[in-house]
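Student: I have a structure open and would like to work through it. Can we take it one question at a time?

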Amino acid sequence: MTTTTRSRAILATASRLFAEKGYSQTTTSEIAREAGVAEGTLYHHFGSKDGIFHTRFDETLDGFLSGIEELLARQMNGRDTLAALSRFWYGYVSRHQERFLILQRDFPVHLTVEHIGKGSPQREKLDRITELFSRLLARGKADGTLHLPFPVRETAEMLRGSFYGTTRLKMLDLIQTPFPRLARMMETYWLRALVPQRVSKHPRRAS
């Protein structure tokens, strides 16, 4: 088994066990045994169980950020980019449900304190999501396809919160709606909120 193969086996096994049993209930010895490696090999590659979690977090966020950046690089107008973002978000989560279940359900509190504080690489990745959302909304505001009644940054934070919240509820099995429909619903509601409404040529007369 090559170094890369061992590393991927440890990651895959740990992810499965975290999803099945929970992060706190999974031990490094159990991960190593089921991955077919010595426990010392696990520590050599990742340093600790926290190191495994961190690696999965980084891989998941890196792929997620790359996907959003790719959408922005297509140079679509703001409205179409927002619609595509909804489909991408839930499509990505659907393809990586095991990872998101772990991140949404089992994020260790001590890692939140130690590694997600301001200035940490992980916090920068999370903040990058809001920055990319802000770019998307600013594009729509500039090209006239989106109307923002509130500041761009605050709207981006609200947009991110709505995606994050529904994802968390879905991962905890508190939302039964299938991913494709959830994407369409989120797309529909956000476009109704932000796409400028056409003024009727024949407005109703006040009664």
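Student: At roughly what angle do the axes of α6 and α9 cross?
Tutor: This is a predicted model, so we read computed values from it. Two packed helices are described by the angle between their axes and the distance between the axes. The axes of α6 and α9 come within 9 Å. They cross at roughly 105 degrees.

Student: Which residues of α9 meet α6?
Tutor: Start from the α6 side, with Gln97, Phe100, Leu101, Gln104 and Arg105. The residues of this contact divide into 4 nonpolar, 3 polar and 2 charged. On the α9 side the partners are Tyr164, Thr167, Arg168 and Met171.

Student: Is Thr167 buried or exposed?
Tutor: Thr167 is found in helix α9. Its relative accessibility is 1%. The cut-off for buried is under 20%. Therefore Thr167 counts as buried.

Student: Which backbone oxygen does the side chain of Thr167 reach?
Tutor: Leave aside residues up to four places away in sequence, and Thr167 touches Trp89, Tyr90, Val93, Phe100 and Gln104. The side chain also reaches a backbone oxygen at 2.8 Å. That oxygen belongs to Phe163.

Student: What does Ser162 contact, leaving aside its neighbours within four places in sequence?
Tutor: Ser162 has its place in helix α9. A polar atom of its side chain lies 2.7 Å from the backbone oxygen of Leu159. With neighbours within four places left aside, the contacts of Ser162 are Tyr90, Met186 and Trp190.

Student: How far apart are the end C-alpha atoms of helix α5?
Tutor: Helix α5 covers residues 78–95, which is 18 residues. At 1.5 Å a residue, the helix should span 26 Å. The model agrees with that, because the end C-alpha atoms are 25 Å apart.

Student: Which residue caps the N-terminal end of α5?
Tutor: Look for a side-chain oxygen close to a backbone nitrogen. The nitrogen is that of Arg79, and the oxygen lies 3.1 Å from it. The capping residue is Asn77.

Student: Which helices do the buried residues of α5 pack against?
Tutor: The buried residues of α5 include Leu82, Leu85, Phe88 and Trp89. Tyr90, Tyr92 and Val93 are also among them. They pack against α4, α6, α8, α9 and α10.

Student: And which helices do the buried residues of α2 pack against?
Tutor: Helix α2 covers residues 28–35, and its buried residues are Thr28, Glu30, Ile31, Ala32 and Ala35. Just after α2, Gly36 takes a positive phi of about 80 degrees. The buried residues of α2 pack against α1, α3 and α4.

Student: What is the phi of Gln75?
Tutor: Most residues other than glycine have a negative phi. Gln75 is found in the loop between α4 and α5. It is exposed, with a relative accessible area of 60%. Gln75 is not a glycine, yet it has a positive phi of about 60 degrees.

Student: How far is Asp173 from Leu101, C-alpha to C-alpha?
Tutor: Asp173 lies in the loop between α9 and α10. Its phi is near 65 degrees, a positive value in a residue other than glycine. At 52% relative accessibility, Asp173 counts as exposed. In sequence Asp173 and Leu101 are 72 residues apart, but in space their separation is 9.7 Å.

Student: What distance separates the C-alpha atoms of Glu131 and Glu157?
Tutor: Glu131 lies in helix α8. With 36% relative accessibility, Glu131 counts as partly exposed. Glu131 and Glu157 are 26 residues apart along the chain, and their C-alpha atoms are separated by 9.1 Å.

Student: What share of the chain is buried?
Tutor: The chain has 10 helices and 0 strands. Take the contacts between residues at least 6 apart in sequence: 71% join residues at least 24 apart. Of the 207 residues, the buried ones make up 45%.

Notes: Residues numbered from 1 in each chain as written. Predicted model: local features only at pLDDT ≥ 70, side-chain atom pairs only at ≥ 80, totals over all residues. Heavy atoms only, no water. Helix = DSSP H or I, 4+ residues; strand = E, 2+ residues; numbered from the N terminus. Expected span 1.5 Å × (residues − 1). Buried < 20%, exposed > 50% of the residue type's maximum accessible area, 1.4 Å probe, protein only. Contact = heavy atoms within 4.5 Å. Polar contact = N/O pair within 3.5 Å; in protein donor to acceptor, adjacent residues only side chain to side chain. Axes fitted to C-alpha atoms, helices over the stretch in contact; angles between N-to-C directions. Nonpolar A, V, L, I, M, F, W, Y, C, P; charged D, E, K, R; others polar.
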